[in-house]
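Have a look at the model first, then read on.

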Amino acid sequence: MKLLKFYATWCAPCKMLSTIIESTDKDLITVEAVDIEAQRELAMSYGIRGVPTCIIVDSDNKEIRRKVGMMNEKEYTNFVKGI
């Protein structure tokens with residue numbers, strides 16, 4: 001599994017979420033940051049309509065779960081763990 005973190009460089013909540021993700025245990029999940037402007041096709045293929053959006057995908061890149069919007073550290077950890 002890995003986490004796709006869709007963001008935009010101009011998005012303040014995206015920057016705050018990035019800080020939370022970076023400060024959280026790195027062993028939880030592999031994180032792949034996706035700039036929606038630089039990687040439009042990928043963002044469109046996942047139906048991204050707002051940022052930040054976090055999507056957990058399996059080894060075939062099939063979506064397992066998603067969360068749109070800001071999360072605090074506990075919410076992020078619970079999202080990754082599927083709680």
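## Burial and surface

Of the 83 residues in the protein, 37% are buried. Keep in mind that this is a predicted model.

## Fold and overall shape

Three helices and four strands make up the secondary structure, and along the sequence they come in the order β-α-β-α-β-β-α. The radius of gyration is 12 Å, close to the 12 Å the globule rule gives for 83 residues, so the protein is as compact as a globular protein of that length.

The C-alpha trace spans about 30 × 30 × 15 Å along its principal axes. Among contacts with a separation of 6 or more, 64% join residues 24 or more positions apart.

## What's packed inside

The largest nonpolar core has 12 residues: L4, F6, A8, C11, C14, V34, A43, Y46, I48, V51, I55 and V57. Two strands, β1 (2-7) and β3 (53-57), each put at least two residues into this core. There's also a second, separate core of 11 residues, with L17, I21, I56 and M71 among them.

Which residues does I48 touch, leaving aside its neighbours within four places in sequence? I48 contacts F6, I36, A43, T53, I55 and R66. Of these partners, F6, A43 and I55 belong to the largest core along with I48 itself.

Methods. Residues numbered from 1 in each chain as written. Predicted model: local features only at pLDDT ≥ 70, side-chain atom pairs only at ≥ 80, totals over all residues. Heavy atoms only, no water. Core = buried A, V, L, I, M, F, W, Y, C linked by side-chain atoms within 4.5 Å. Buried < 20%, exposed > 50% of the residue type's maximum accessible area, 1.4 Å probe, protein only. Contact = heavy atoms within 4.5 Å. Rg over C-alpha atoms; globule rule 2.2 N^0.38 Å.
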